[in-house]
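Hello,

The structure we talked about is pasted below.

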Amino acid sequence: MSEQTQNEPAASAPRPVIETRNLSKVFRDFWGRQKVRALKALDLQVREGEIFGLLGPNGSGKSTTIKILLGLLFPTSGEALVFGREATDVAKNRRIGYLPEESYLYRFLNANETLDFYGRLFNMPAKERRERSRQLIEMVGLASAARRPLKEYSKGMARRIGLAQALINDPDLILLDEPTSGLDPIGTRQMKDLILKLKEDGKTVVLCSHLLADVQDVCDRIAILYQGELKELGRVESLLKQQDITQIQSTKLSESALEEICQVIREKGAEVLATDSPKTTLEDLFLTIVKESQSRPGKRVYADKDER
Amino acid sequence: MIIEKPVPPIWQWLFGGGATSNGLQGDGALWEFFQATWVLGLLGLAIGLLITIFRYGPSRGWQNLLRVLAQAPRDLLGISPRRILGLTYLAMREAFRRRVWVALLLFFALLMFAGWNLAPQSDQPGVIYLNFVLTATTFIMLPVAIFTSAFSLPQDIKNHTIYTVVTKPVRPSEILLGRIIGFSLVSTLLLLIMGVTSYIFVARGLNHSHALIAKDLIRETVRGAPVRYEGNTTRSDHHRHHGQIEADEFFPEIELQALPNDGGITISKTAGSATASGLKEGDLLEAIDGVSLVAGKLDEAILSLQGKAGTKVALTVRRGDESLIVDVPRTILETFTEPNRGHKHRVLAHHSGASDSGKVDYALGEPEGLFVARVPKYGRLRFRDSKGDAKNEATWEFTEKGTNIGKVFTYRSYIRGNTLAAAIWTFDGLTPENYPDGIDLDVNIRVYRSHIGKIDAPVAGSFFVRNPDTGASSQERIFSGKDFTIDQMKIPRKVWNTQDELVDLFDGGLVTEDGRFEVWVSCVDPGQYFGMAEADVYIRARDASYTANFIKGFLGIELQIILVTALAVFFSTFLSGPVAMLISFTAIVLGFNKGFLTRLSQSVLNPESIRQMDAYERIYGGGPFESFYRIITQRNLTSELDAGMFRDVVKNIDHSLMYVVNKILSLLPNFEQFVEVKYLSYGYNIPADMLWQHFFAFLAFLFAVYVIGYFVLKSREMAG
Ligand SMILES: Nc1ncnc2c1ncn2[C@@H]1O[C@H](COP(=O)(O)OP(=O)(O)OP(=O)(O)O)[C@@H](O)[C@H]1O
Ligand SMILES: [Mg+2]
């Protein structure tokens with residue numbers, strides 16, 4: 001009904017889909033005593049059409065952030081806005097898809113019934129529900145198991161139907177909590193392709209994952225959390241760029257040609273560090289930050305290195 | 001069962017006004033509802049604010065509250081049928097997965113055992129059977145409803161399945177409604193099955209038949225010709241009936257119906273021997289024993305069908321174009337055996353060929369009158385005291401020594417035997433059209449004996465009818481007043497008046513022009529008393545459909561079950577499954593005893609108020625702790641406790657406990673009010689007004705549960 005209201009200021013081109021301001025979350029026990037400070041003054045902006053990765057060690061607050069954005073948890077202080085609305089407003093859910101850490105689905109329903117149920121929750125008419133369920137089941141590769149109750153599903157299969165469930169409403173914003181966990185390599189590949197395809201369709205994706213290679217492959221920007229604090233935020237390429245190292249990549253370079261080039265570099269007074277093929281370096285970055293944070297707790301100064 | 005207060009019309013109940021003498025407050029229930037909503041709303045706001053300030057600090061607390069309030073109207077009103085349907089369907093699936101149908105197995109097993117030994121000797125087997133099935137249904141369904149609904153939401157939260165639901169555009173209000181509706185539908189289905197089974201079980205369990213065997217009958221003759229047979233039926237279902245058979249009042253087994261616009265008389269129903277002799281339904285009756293019928297005179301036609309058992313009557317009928325003559329035996333009697341155990345049987349002639357002595361074996365029809373839905377028509381009651389002065393019931397006070405018989409006197413007033421004291425009921429709306437065969441009066445009198453006499457001998461009473469305008473009255477009739485039984489008395493169309501004339505009830509001046517008359521009841525035995533209340537004597541205006549009444553009774557159970565479901569779902573919004581279940585059970589136990597507990601807490605909180613209560617409602621002995629103290633010190637309920645610190649401590653504990661109990665009670669539905677079941681089992685028609693009243697009370701409660709449950713769910717962190 002009030003779908004239009006949040007379309008007011010379209011001032012600067014890609015407007016933030018998600019915005020958190022000074023977001024904190026403290027878990028308390030029944031008596032109000034503090035148990036855990038899961039998030040500390042988090043400021044984030046996710047823009048329309050980007051793939052945003054949340055990284056961090058176990059218990060660093062990634063899932064908490066996502067849950068607050070969905071209204072499953074309420075912030076202790078600060079604000080969380082999604083599509084410009086309060087995260088607690090259920091109306092925003094119409095444009096959101098969510099894949100939880102584990103597949104929390106009704107185990108006595110089968111795949112068809114599951115998607116039908118969630119389709120109803122989006123107020124979709126029967127015909128549309130049927131059509132959409134068929135497509136999605138096909139897409140996640142469960143066509144042959146569509147009539148089996150979910151309690152018989154393997155972890156990966158449950159993950160797949162969870163994904164289908166998250167996409168049932170063709171959402172504009174998709175929140176994926178560890179999307180590739182439990183998937184086989186093919187599934188992982190498909191998931192990554194899917195995420196990229198979603199981006200192509202203009203959707204916004206927020207994901208958190210421990211599989212750094214996957215994150216590096218798909219994410220435009222990442223944030224790294226450590227014990228509830230934001231330690232790094234920026235575009236993946238610029239974060240990984242090492243200013244004092246130049247990498248030359250070439251195809252079909254012969255042994256002798258390589259030797260010649262190395263010779264030239266040494267003559268210029270520089271040093272040749274390595275000549276092998278490039279490898280994942282997000283991993284290194286991740287580990288450096290975690291190590292650094294352990295030795296020096298507190299706010300880490302980071303430059304949001306994505307300003308174009 | 002006695003209906004203490006006639007049910008007020010539903011509009012009066014809702015909007016107030018109308019007569020206030022029947023204990024109804026001036027304001028309607030609707031107004032009370034708005035007041036309660038207002039108070040509860042404010043209270044809820046205050047509590048909500050306190051909690052959120054405690055959790056989030058003052059400024060953020062306010063903010064949260066305002067935000068929740070701002071979103072509430074849209075969430076509460078903008079619910080989508082499709083989403084609710086989805087959630088409803090899910091709840092039903094879940095209930096079946098929890099094997100609710102086990103309740104059915106239990107119910108069937110109970111019926112099977114009950115079928116063997118359910119009150120074989122009872123005087124009122126109908127009441128016992130109905131009570132049994134209705135109680136069994138209620139007490140099986142209540143726990144089932146609580147089990148299914150109390151665990152559902154907590155389970156979803158525990159399994160985190162709620163995550164994928166609440167992250168869809170689902171309102172918390174819809175989550176509540178979907179569950180309540182889903183579980184209620186399942187209960188409805190179970191109730192429907194139990195209802196149909198119960199209906200069949202009761203009907204079949206009580207169905208039986210007797211026979212009147214020729215050798216058991218005594219013949220009564222006049223000048224050698226048999227006029228009457230008398231004797232007991234065979235024994236069946238642990239009882240016999242006495243029967244008296246007029247020799248020549250048998251009829252063929254047909255029913256006649258006058259067609260509209262003088263279209264003649266048609267045979268609307270044939271059975272047994274009539275069908276066997278070739279009659280068909282729809283045949284047009286033209287002549288009886290060769291005598292042509294006079295158009296429109298159905299009564300005469302029926303009279304000329306009458307004759308001795310086993311003889312035949314020749315009916316000339318027109319079927320299509322042909323006219324035929326059929327000899328039909330007279331086999332059924334227009335009379336019944338005497339009632340026993342609440343029912344009677346129609347007498348059928350068994351053998352068509354009567355012997356010389358005229359004695360035949362008779363078969364008896366199905367039991368009749370076991371299952372009734374009496375529609376009482378109440379009158380207004382006033383009294384005349386023993387000196388003959390008028391007393392109004394409202395100001396009726398006992399000045400004579402010995403008339404206060406303790407426990408029950410304020411509900412019933414007692415009149416003393418062999419004095420001028422009388423109880424006078426005035427009935428109105430009596431027309432010959434509505435009561436063509438006279439008026440059936442049910443009299444339900446309490447007897448108070450000031451001396452025992454023969455304890456099982458009834459106390460004699462007398463009654464007569466009187467025209468309130470002219471004073472013309474009928475002759476007194478003596479009846480025997482027996483405690484706890486309903487005496488059925490018939491005031492026939494033809495009555496003897498005080499001038500020894502046999503006159504028509506309506507035309508003879510005993511009923512006023514505008515259809516009023518009085519019934520005067522007094523006690524004849526000196527020294528004994530009759531106790532009367534307004535609802536004790538009523539005209540049995542008509543019998544409503546028993547089947548419809550049965551359905552209404554089950555609707556009453558249904559309302560209770562849905563209430564309990566809603567209550568359990570509500571508790572499960574903020575409690576864990578087992579706790580929600582326990583609290584729901586507690587709530588219904590309290591709800592079923594609400595009247596008692598309210599009076600108990602009043603008696604502790606405000607001891608003075610006891611004096612205003614009716615005697616039989618007074619509760620002595622204080623709250624639970626005081627009572628316990630009395631038990632261990634072996635003191636009776638009314639003795640004063642010795643002053644001292646210990647007494648004060650005990651009283652204070654009781655006081656605070658009862659304060660809390662009182663507050664909780666006022667929030668609970670009053671299950672005591674749901675007495676549809678009683679009406680049904682005691683054979684009274686359940687007034688539609690009462691069902692509506694309960695329905696609206698039920699809606700109000702659902703509304704409260706819906707709104708409060710919404711706010712609880714809304715302010716709850718699903719991943720917390
Ligand atoms: N419901 C809860 N009650 C109390 N503490 C919680 C709750 N949920 C999360 N926490 C705590 O909050 C912190 C952040 O948890 P969170 O689930 O956000 O971590 P995460 O980054 O998703 O970790 P993982 O990589 O293991 O999924 C942890 O210390 C965790 O113990
Ligand atoms: Mg997590």
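**Notes on the predicted model**

Arg147(A) has a relative accessible area of 70%, which is over 50%, so Arg147(A) counts as exposed. Please keep in mind throughout that this is a predicted model. Arg147(A) sits in the loop that joins helix H3 (126–139) to helix H4 (155–167) in chain A. Leaving aside residues up to four places away in sequence, Arg147(A) touches Asn110(A) and Asn112(A). Asn112(A) is 35 residues from Arg147(A) in sequence, and the C-alpha atoms of the two are 6.7 Å apart.

Asp504(B) belongs to strand E26 (residues 502–504) of chain B. At a relative accessible area of 11%, Asp504(B) falls under the 20% limit and is therefore buried. What does the side chain of Asp504(B) reach at 2.9 Å? It is the backbone nitrogen of Asp507(B). A polar atom of the Asp504(B) side chain also lies 2.8 Å from the backbone nitrogen of Phe506(B). Not counting residues up to four places away in sequence, Asp504(B) has contacts with Arg493(B), Lys494(B) and Gly509(B).

On to the ligand. Ligand 1 is surrounded by 17 residues, and the closest are Gly59(A), Lys62(A), Ser63(A), Thr64(A) and His210(A). The site is shared between chains, because the residues around ligand 1 come from both A and B. On the chain A side, an N or O atom in the side chain of Ser63(A) is 2.6 Å from an oxygen atom of ligand 1. For the side chain of His210(A), the distance from an N or O atom to an oxygen atom of the ligand is 2.8 Å. From chain B, a polar backbone atom of Ala719(B) lies 3.4 Å from a nitrogen atom of ligand 1.

Last, a pocket. The second largest pocket holds about 1,400 Å³ of space. Its lining has 41 residues, and those nearest the centre are Gly342(B), His343(B), Arg374(B), Ile486(B) and Gln488(B). By type, the lining splits into 18 nonpolar, 11 polar and 12 charged residues. In chain B, helix H6 (125–158), strand E20 (439–444), strand E24 (486–491) and helix H16 (676–681) each contribute at least two lining residues. Which element gives the largest share of the lining? Strand E24(B) does, with five residues.

Best regards

Technical notes
Residues are numbered from 1 along each chain as its sequence is written. Chains are lettered from A and ligands numbered from 1 in the order in which they are written. This is a predicted model: local features need pLDDT of at least 70, side-chain atom pairs count only at pLDDT 80 or more; totals for chains, interfaces and linings use all residues. Side-chain values use heavy atoms; hydrogens and water are left out. On a 1 Å grid over the protein atoms alone, a cavity is a set of points where a 1.4 Å probe fits but cannot get out, and a pocket is an open set with protein on both sides within 12 Å along at least five of seven lines; lining residues have an atom within 4 Å of a point. Grid points are joined across faces, edges and corners, and a volume is the space filled by probe spheres set on the points. Helices (H or I, at least four residues) and strands (E, at least two) are DSSP runs, numbered from the N terminus. Ala, Val, Leu, Ile, Met, Phe, Trp, Tyr, Cys and Pro count as nonpolar, Asp, Glu, Lys and Arg as charged, and the others, Gly among them, as polar. Buried means under 20% relative accessible area, exposed over 50%, partly exposed in between (1.4 Å probe, protein chains only). A polar contact is a pair of N or O atoms within 3.5 Å; within protein, one must be able to donate a hydrogen and the other to accept it, and residues adjacent in sequence count only if both atoms are side-chain atoms. Contact means heavy atoms within 4.5 Å. A residue is near a molecule or strand if one of its heavy atoms lies within 4 Å of it.
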